[in-house]
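Welcome, and thanks for taking a look. Below is a short briefing to read alongside the sequence and the model.

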Amino acid sequence: MTITSRRNQKGAVLLLVALVVLIGSSALILSTLSNDGSLASLARGNAHTLNEARDALLGYALSYPETHPGTANASPGFLPCPDIDGDGLEDITQCDNANQSSIGFLPWRTLGLARPGGSSGQADCLWYAVSAGFKSPAGTASPPVLNASTEGSFQIENGSGEIIVGASAADRAIAVVFDPGPVLSIDGATPAAPKYTQNRLAASTRTHCGSVNSGDMINRAINYLDRLNGISNADGSKQGASGNDPGANPLPDSGPSVFVSASKQETFEGVSYNDRMVWIDRRKFDPVFKRMNQWVASKVQACVARYGELNIVGSKRYPWAAELDASADPVYVEQTGQRFGRIPAALNAPGATSWPLDPDTSTGQDCFAWFWWPAWQEHIFYAVHEQHTDPAGAASTALELNGTVSEFIVLIANSELSGQTRVGYANKGRIENYLEGQNQPATGSAHIPPGDESFVTGNGTSINDVACNNVGC
Ligand SMILES: [Ca+2]
Ligand SMILES: [Ca+2]
Ligand SMILES: [Ca+2]
């Protein structure tokens, strides 16, 4: 098999998997894209490529577990590392520091996209910036762990000093794709600095978009991405920003960055800004957050169900919950008598004192030993039917999910809704900061009061909780 056909096959498989995964979310993505006001500002000829790139990134994040079967506990949500030498393949050296956002060529081969520009070479190669929290864990010693509260790192201004994305940290964009346009002379770093003329020369062997020596001019962002109103798209910095302000430091950086999206800027001296861009904000990433929650919910459900199958075979006795305590950081220890709370990491007798092997044998790990679990355990709640505790309680109480009597229920809290905050142990100990409506069994405590045993799958607006029971999710 030739390299090209292998690559085409890989791309086809990636797109197919993404398509399958997208089926449940495609309507949402389509409506999201068609409602996007930012698209109106794009030139028609380039809109297709930029939008294709954004869709490919969303598909990559959605299908990450399926396309990375060899990566331990790969959850949905990860985006590729940028490509620093223009061969179209992500360079995991750009992901080696998990805490830093980074920028480079869009890794079109990794994304399964067609080679940009056809035979015309690198003229149409796109650039790409990815937020620290969403970078692929490939090649990273301590990979980021994603959950529905993970924030993007990018603020975007419109060229007139107005913030159009990311006014608050929770609203920052997750990734940005740039169409850099032809070379031009950009403003200097300060008003007094001379203009800089972009230069895309290769001093080493060419790749499709760049050259093999990553330091060559052809591989450097400053020779593609422009400066406007004190903001540099090449490194996400902003003149005058300091401390923890967005744009205080150039990429790669652990702090937030700023980019500028404006129409082409032209003076009597010529064009001074010609970048075009699309971005993935939280709203566009919503299908991925949804799949992330469902993926985690399914794994937790399968593990709790497996425990019940093994613990007193035929009787299905599940663990007690770990209690919520608003006076201390969460602890995850099974508490006899607690039928509602968090999933206990530490189990006590009676019953099995350790979790079984993950029924998803591809992980090769025990349940809840996954590397991503510590970032999720605070957000997941669990209720057990009185007749399925160990020892079993009275027969009178019915635990219900959507009106169906259930042996156990797992609830994923999802992102904070208006009025919820999960900072500090006092807030982490209060159920109303996680679950909504009738999923709050007793405000501020881990108890289920009599007659309050009905839980529901969230409607996505006033209740965004994802729910499973012993039958499934
Ligand atoms: Ca590369
Ligand atoms: Ca440019
Ligand atoms: Ca919730």
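What percentage of the 473 residues of the protein chain count as buried? The share that counts as buried is 47%, where buried means that 20 or more other C-beta atoms lie within 10 Å of a residue's own, exposed means 12 or fewer, and partly exposed is in between, with C-beta atoms placed from the backbone. This is a predicted model, in which local features need pLDDT of at least 70, side-chain atom pairs count only at pLDDT 80 or more, and totals for chains, interfaces and linings use all residues. Residues are numbered from 1 along each chain as its sequence is written, while chains are lettered from A and ligands numbered from 1 in the order in which they are written.

**Overall make-up**

- The protein chain has 7 helices and 21 strands; these are DSSP runs numbered from the N terminus, with helices being H or I of at least four residues and strands being E of at least two.
- Among contacts between residues at least 6 apart in sequence, 60% join residues at least 24 apart; a contact here means that two C-beta atoms, placed from the backbone, lie within 7 Å.

**The core and helix α5**

- The largest nonpolar core holds 101 residues, and Ala 175 and Val 177 touch the most other members; such a core is a set of buried Ala, Val, Leu, Ile, Met, Phe, Trp, Tyr and Cys residues joined through C-beta atoms within 7 Å.
- Helix α5 provides the largest share of this core, with 11 residues.
- Domain 1 (3-281) and domain 2 (287-469) both give residues to this core, so it lies between them; the domain bounds come from an automatic or database domain assignment.
- Leaving out residues up to four places away in sequence, Ala 175 touches Leu 57, Leu 79, Tyr 128, Ala 129, Val 130, Ser 131, Phe 134, Trp 279 and Ile 280.
- Of the 25 residues of α5, 18 are buried, so the helix is largely enclosed by the rest of the structure.
- Just after α5, Ile 312 takes a positive phi of about 60 degrees.

- One open sheet has 4 strands in the order β1-β2-β5-β14, with antiparallel pairing; two strands pair if DSSP finds at least two bridges between them.
- Its edges are β1 (102-105) and β14 (276-280), each with a single partner strand, so one side of each has no neighbour in the sheet.
- Neighbouring strands of this sheet are turned by 20 degrees against each other on average, direction ignored; axes are lines fitted to C-alpha atoms, for helices over the stretch in contact, and angles run from 0 to 180 degrees between N-to-C directions.
- Within this sheet, 4 bridges join β2 (residues 127-130) to β5 (residues 175-179), and Tyr 128 has Val 177 as its bridge partner in β5.
- Another open sheet has 3 strands in the order β4-β3-β11, and its pairing is mixed.
- Here β4 (163-165) and β11 (257-260) stand at the edges with a single partner strand each, so one side of each is left without a neighbour in the sheet.
- In this sheet, neighbouring strands are turned by 40 degrees against each other on average, direction ignored.
- Strand β3 (residues 154-157) runs parallel to β11 and is joined to it by 4 bridges; Glu 157 has Val 260 as its bridge partner in β11.

- Phe 381 is found in β16 (residues 380-384) and counts as buried because it has 27 C-beta neighbours inside 10 Å.
- Beyond its neighbours within four places in sequence, Phe 381 is in contact with Gly 341, Arg 342, Leu 411, Ala 413, Tyr 434 and Leu 435.
- Strand β19 (residues 408-412) runs antiparallel to β21, with 4 bridges between them; Val 410 has Cys 468 as its bridge partner in β21.
- In β21 (residues 466-469), Val 466 and Cys 468 point one way and Ala 467 and Asn 469 the other, and all are buried.

**Backbone exceptions**

- Most residues other than glycine have a negative phi, and most peptide bonds are trans.
- Leu 251 and Pro 252 are joined by a cis peptide bond with omega about -5 degrees; Pro 252 is found in the loop between β10 (237-238) and β11.
- Phe 368 has a positive phi of about 65 degrees and, with 22 C-beta neighbours inside 10 Å, counts as buried.
- Asn 402 has a positive phi near 50 degrees and, with 12 C-beta neighbours inside 10 Å, counts as exposed.
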